[in-house]
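This briefing sets out the main features of one protein model, grouped by topic. Please read it alongside the sequence and the structure.

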Amino acid sequence: ENAGPQITTRRGPRADRKEGLMRKIVGVTLGLVFVAGLAGAQIAGSEHDFSAQGWGTTEICQPCHTPHNASTALPVVLWNHEVTSASYTLYSSPTMNATTGQPDGVSKACLSCHDGTVALDSFGGSTGTTFISGPANFGTDLSNDHPVSFTYNNALATADGGLHPPTTQASGLGGTIAADMLFGLGSDQVECASCHDVHNAANLQSLLLKSNAGSALCLTCHAK
């Protein structure tokens, strides 16, 4: 039976490019949703799951992040917590070749709970009354803690002689040290998050970025 004339629509290169772009957008969106789901599952039950603490909220993300009216005081996405204004006693050593300053960037976000000067439940514009305690309270004397907020680049590695060059040394996380473990606009700043993952992606004790079995985490940067 004759179904009538067949009509063929000719697709141009512009239409093909548009369809390809839409496929990429959909793929990226689905990927982000998937990653977000994984991140939530990893935080749940970790040291950073505060939902059952009883000092403010049952939402896991809210003590640190908010979707609206976020603080721009730190280079942290949608920051929701009060920021510390403490001044710190810094680590120093006669064998250290890096120049350190007061913690900033993502390290200051960590210290906004861990220095003990800002209440854990001081978020969302509220002033809390519950302060961190025990070994997780570092205080403002950081002289016995690994230094943070200093520049770690190939020049420092050469000058020190005991560090791997960060732009070429593999991190064990898929890329180089600089790409995977350093921060700032130049991807050359050591911060708390160089060793710890607040979102617990590796599901390790102390929220480590990677296993430290055999000092593997330490030896990523230190050539010993």
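The accessible surface of the protein comes to about 13900 Å², and carbon and sulfur atoms account for 57% of that area. The model is predicted. Of the 224 residues in the protein, 29% are buried.

**Overall fold**
- The secondary structure consists of 5 helices and 2 strands, arranged along the sequence as α-α-β-α-α-β-α.
- Of the contacts between residues at least 6 apart in sequence, 52% join residues at least 24 apart.

**Nonpolar core**
- The largest nonpolar core contains 15 residues, and those with the most contacts inside it are Phe150, Tyr152, Leu156, Ile177 and Leu182.
- At least two residues of this core come from each of α3 (154–160), α4 (177–181) and α5 (216–221), with α4 giving the most, namely 3 residues.
- Beyond its neighbours within four places in sequence, Ile177 is in contact with residues including Tyr152, Leu182, Thr220 and Cys221.

- The whole structure holds 2 aromatic pairs.
- The ring centres of Phe50 and Trp55 lie 5.3 Å apart with planes at 40°, so this pair is tilted.
- Trp55 also pairs with Phe123 in an edge-to-face arrangement, at 6.5 Å centre to centre and 65° between the planes.
- This second pair links distant parts of the chain, 68 residues apart: Trp55 lies in the loop between α1 (13–43) and α2 (105–114), and Phe123 in the loop between α2 and β1 (150–151).
- Phe50 is buried at 17% relative accessibility, Trp55 at 13% and Phe123 at 9%.

Key
Residues numbered from 1 in each chain as written. Predicted model: local features only at pLDDT ≥ 70, side-chain atom pairs only at ≥ 80, totals over all residues. Heavy atoms only, no water. Core = buried A, V, L, I, M, F, W, Y, C linked by side-chain atoms within 4.5 Å. Buried < 20%, exposed > 50% of the residue type's maximum accessible area, 1.4 Å probe, protein only. Helix = DSSP H or I, 4+ residues; strand = E, 2+ residues; numbered from the N terminus. Contact = heavy atoms within 4.5 Å. Areas by Shrake-Rupley, 256 points an atom, 1.4 Å probe, with all protein chains shown as cover. Phe/Tyr/Trp six-rings, centres within 6.5 Å; stacked < 30°, edge-to-face > 60°.
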